[in-house]
Amino acid sequence: DRFGLFLSLSWRTLQSGGSVLDAVEMGCACCEMEQCDGSVGYGGSPDEYGETTLDAMIMNGNTMEVGAVADLRRIKNAIGVARAVMERTDHTLLVGESASVFAENMGFIAEDLTTNKSLNIFTQWLKGNCQPNYRKNVFPDPSMSCGPYKPKATLNQRKRVAQHANTRSHDTIGMVALDQNGHVAAGTSTNGLTHKVPGRVGDSPIVGAGAYADSSAGAATATGDGDVMMRFLPSYLAVELMRAGADPSAACKTAISRIKRHYSDFFGAIICANTTGHFGAACNKVPGFSQFHYMVSNSESDTPLMKSVDCI
C-alpha cells in the first residue's frame, strides 16, 4: 500500500533525527508527488474550469505555529509551501494566485498541474451536462445544465446530495507525528473536491478543522466532506477532549457525533493521538462506508500497521 510507504518514510525521518515537522512534511510531500489515490497532489479533482488546485496545512504543536495554503495553483509541493508560510512569514494562511507567486519567490517550481487523466475527467463532466456539481438556487437548473449560472430570485432549501461524498477514497492525506520527547505535529494535503466551484476551500487547510496539534494534549486530523466538517472544527474539539482526559478513541467518536447531530448522513472520519502515544479513530456510518482504515507506525513494529475502526 502506497500510504504505508509514505508512513515508512515519515517514521524513518523521525528515527534518523528529523523533527516531527520534517516527518509530517515528508509523508505528505511523497503523497503529493505520487498522487496517492488521486485526491492528493497534481492531476486530480479538476474544478468547474478543469483546473487542479491544492490545499495544505502544517502545524507545530510546540509553538502553535501554523502554515497553510489554499486554492494553490501551478505548484505541486503544497505542504512544502505551507511550511514556508509558517517559517518565512508571520502569516498563517495564503490563498490563490498570490500564494502561487509567494511559492515561486521561495524557489518552488511552477508547472502545469493538469494531466491527461484530469483533462479526461473534466471533458467527460462537460459532456454529461456538468453532473454532478455543487450549485443550488441558480438558473439554468444546475441538476440538468452547465453554467454560467445566475442567482434565482427565490431560495429553496435542498438536502445535500449524498452522491457528492466519494466513499471509495479518503479525500485528503492527514498525518500526525509524535516523537520520544512528546513533540507533536500534524499536517494535511488535498486537491479538494472534483468539479468544485472555483475558489472553494475545504477543511484541510483550516486550523482546527483539517488538523490540529498541541504538544500538551495531542493531535488530530480529519477527512471527508470538508464543507460540512469544517463547520464543527472536529480536530480542535478532539484535541481539547483529550486534554480534558478523554482517550483518543472516545475523543474521535465525540467529534464525529457532534457533526452527526446536525448532518446524519455526512461522510467523514477522524484520527486522534495523545501525547503518550495512544491513538484512535472514528467515522460516520453511511451506505458504502461502514469501516475506516488508517495506518500507524510506532516503535512496536518495524512496518506500518493497517488499523480499522467500525463507523458509528
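Q: Which residues do ring pairs link into a cluster?
A: Ring pairs link Phe279, Phe292 and Tyr294 into a cluster. Rings of Phe, Tyr and Trp (its six-membered ring) count as a pair if their centres lie within 6.5 Å, with planes under 30 degrees apart called stacked, over 60 edge-to-face and the rest tilted. This is a predicted model, in which local features need pLDDT of at least 70 and side-chain atom pairs count only at pLDDT 80 or more, while totals for chains, interfaces and linings use all residues. Residues are numbered from 1 along each chain as its sequence is written, and side-chain values use heavy atoms, with hydrogens and water left out.

Q: How many aromatic pairs does this rule give, and what kind is the pair of phenylalanine 279 and tyrosine 294?
A: A pair of aromatic rings is described by the distance of the centres and the angle of the planes. The rule gives six aromatic pairs. The rings of phenylalanine 279 and tyrosine 294 have centres 6.3 Å apart and planes at 80°, so this pair is edge-to-face. The pair links distant parts of the chain, 15 residues apart, with phenylalanine 279 in strand E11 (residues 279-283) and tyrosine 294 in strand E12; strands (E, at least two residues) and helices (H or I, at least four) are DSSP runs numbered from the N terminus.

Q: Are phenylalanine 279 and tyrosine 294 buried or partly exposed?
A: Buried means under 20% relative accessible area, exposed over 50%, and partly exposed in between (1.4 Å probe, protein chains only). Phenylalanine 279 has 30% relative accessibility and therefore counts as partly exposed, whereas tyrosine 294, at 12%, counts as buried.

Q: Which residues of H1 are buried?
A: The buried residues of H1 are Gly4, Phe6, Leu7, Ser8, Ser10, Trp11, Thr13 and Leu14.
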